[in-house]
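Colleague: I am new to this structure. Could you show me how to read its pockets and its sheet?

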Amino acid sequence: MQIWRKFSQILTLDKAAKKDGRNLIPTDISTIQNASVVFDDETIHWIGEDNDLPEKYLNIKSKSFEGHVLTPELVDGHTHLLFGGDRSLEYSMRLNGADYAEIAKTNGGILSTMRETNILESEKLFKVCIERIKTLINHGVGTIEIKSGYGLSFQKEYELSHIIYQLKQYFAPQVNIINTYMAAHAVPKEFLSSVDYMDKVVLPLMDKLNQEEIIDCVDIFHENGYFTYNDTEKLFDHAIKLGLPFKSHADEFSDNKGALLAATKGALSADHLLCTSKDGISALAKSKTVATLLPGTGFFLGKQQANARDFLDNGVRLSLATDYNPGSCHCDNLMMIASIAAPTLKLNQTELWSAITLNAAHAVGLTNQGAIVKGLAPRFSLFKAKNIDQITYHWGKNLAVNISKL
Ligand code: NIG
Ligand code: FE
C-alpha cells in the first residue's frame, strides 16, 4: 500500500468522470487542497483531504508532497514517434511559402520519411525511440500511443510493429505504450492504387500481427490522395472482424465524412477533424468515439484550427494529443500543446485537463483511469506547482516530475 500525503492540490476530475467527459463546465473541475491519496499497484483506495485520512493509514510509512500537484495521468494518445531522419528542410520550405500537400507530391512528406526509416536497422530505430519516449515522460506523460506507418512495406511495417511491441515491454509497467498499426499511412509508389496496397499489404499484415498478438489498435489516413472512404470502411470492418479497436485520421484537409464513418462504426477516436461538418459532429456526440484534436499540427503548418467549441457545445467527448511526427508536428511536449490550445480553442479548465487525461485515456481504450477516484487505476502525473493553474500558465516551462523515479 502506498500513502502519498499533503499535496498542495490534487486534481481528481471526479465530476468530469461522472459526466462521461462531456458538457464540462468550469465548476466541474474537482480539486482538493492539502490532499492525500492511498493506493496499491492496481487500485486507488482512498482520496481526500489530509485531515480526513482514516486512522488505519496513519501508522503506515508515507511520502509527503507539499508544493506539488497530483493529476490524473497525462496521456499522449496520438504520436508517430517511430521514424528515421528529419524533415527540417520541408519546415523551412513551408516557411518560405510551400504547402504541406505540395511538398508531399514532390518526393517529400510521408514517403520521404519512409525512405529514411527504411535505411535504419531495427536496433537503431529502437534506441532513437527510447530517447524520444524518455523526453515525453520527462514532460509528465505516462501513457503513449505510438503508430507504425513509415515502413510502408509488408516487411518493414512488420518490423516497426515489433519495435513498438519491444518498446512496450521495455517501459512497462510505469509507462504504458499503445501499439497502433498504421501501415495505411500513405500509398507507396510501386502499388497501383490504395486498394492494391490495402489488399497486398495492409490487411494481410494486420491478420499476421493480430495472430501474433502484437498490436492494440489500427489506424488509417482517410484523406484525398491517401486512403478513400471505401478503404477506411474496409479497414474498420476488418478490424471489427478481428476484434481490434480502430480509429482514423479524419477530415484533416477536407471533409471526407471521416468523423461520421468513424463514429458510426464505433471507432475509439477520430483524429484531426479540421474540416468536419455538422453531420460528423452530431454522429460523434451520439457515440462513444472521442474527438482527438491535434492543435500542434495546425499551429506548425500555419493552417486553421479545428473548431473545438462546435464539438464541445454539441456534447462531443474531446481529447488533445501532440501528433508528434517529423513532418506536420515536430513536438514532444503535450503540456505545451495544452497551454497553447486552451486559449486558442477556447477551452475551460475542466475541458482542458480532461482532454489530456480522462478523455485521452478513453481515446486509446483505457477506461479504467483518467480520474483520481476510488476504484480506478492509480495512473498519475506529478508537477512541482501549487495548483493546476500554475502548470499551463507558465507555458513552455516543464514543471513535471518524473513519477516513475519516485
Ligand atoms: O497526423 N496525417 C497523417 N500523418 C501525420 C503526418 C505525418 C507526416 O507528415 O509525416 C499527421 O499529421
Ligand atoms: Fe497523425
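Modeller: Start with the second largest pocket. Helix α3 gives the largest share of its lining, four residues. Keep in mind that this is a predicted model.

Colleague: How many residues line the largest pocket?

Modeller: The lining has 26 residues. Nearest the centre are Pro173, Gln174, Pro378, Arg379 and Ile403. The space in this pocket is about 620 Å³. By class, 13 lining residues are nonpolar, eight polar and five charged.

Colleague: Which strand gives the most to the lining of the largest pocket?

Modeller: Strand β14 does, with three residues. Domain 1 (2-72 + 369-405) and domain 2 (74-363) each supply at least three residues to that lining.

Colleague: Now the sheet. How do strands pair in general?

Modeller: Strands of a sheet pair through backbone hydrogen bonds, parallel or antiparallel. Here, four strands form an open sheet in the order β6-β7-β8-β9, with parallel pairing.

Colleague: Why is one side of β6 and of β9 left without a neighbour in the sheet?

Modeller: β6 (74-76) and β9 (217-220) stand at the edges, so each has a single partner strand. For β9, look at β8 (residues 176-184): three bridges join the two strands. Thr180 has Cys217 in β9 as its bridge partner.

Colleague: What packs on this sheet?

Modeller: Helix α7 (residues 194-211) does, touching β8 and β9. Its direction makes about 155 degrees with that of β8.

Technical notes:
Residues are numbered from 1 along each chain as its sequence is written. Chains are lettered from A and ligands numbered from 1 in the order in which they are written. This is a predicted model: local features need pLDDT of at least 70, side-chain atom pairs count only at pLDDT 80 or more; totals for chains, interfaces and linings use all residues. Side-chain values use heavy atoms; hydrogens and water are left out. Two strands pair if DSSP finds at least two bridges between them. Contact means heavy atoms within 4.5 Å. Axes are lines fitted to C-alpha atoms, for helices over the stretch in contact, and angles run from 0 to 180 degrees between N-to-C directions. On a 1 Å grid over the protein atoms alone, a cavity is a set of points where a 1.4 Å probe fits but cannot get out, and a pocket is an open set with protein on both sides within 12 Å along at least five of seven lines; lining residues have an atom within 4 Å of a point. Grid points are joined across faces, edges and corners, and a volume is the space filled by probe spheres set on the points. Ala, Val, Leu, Ile, Met, Phe, Trp, Tyr, Cys and Pro count as nonpolar, Asp, Glu, Lys and Arg as charged, and the others, Gly among them, as polar. Domain bounds come from an automatic or database domain assignment.
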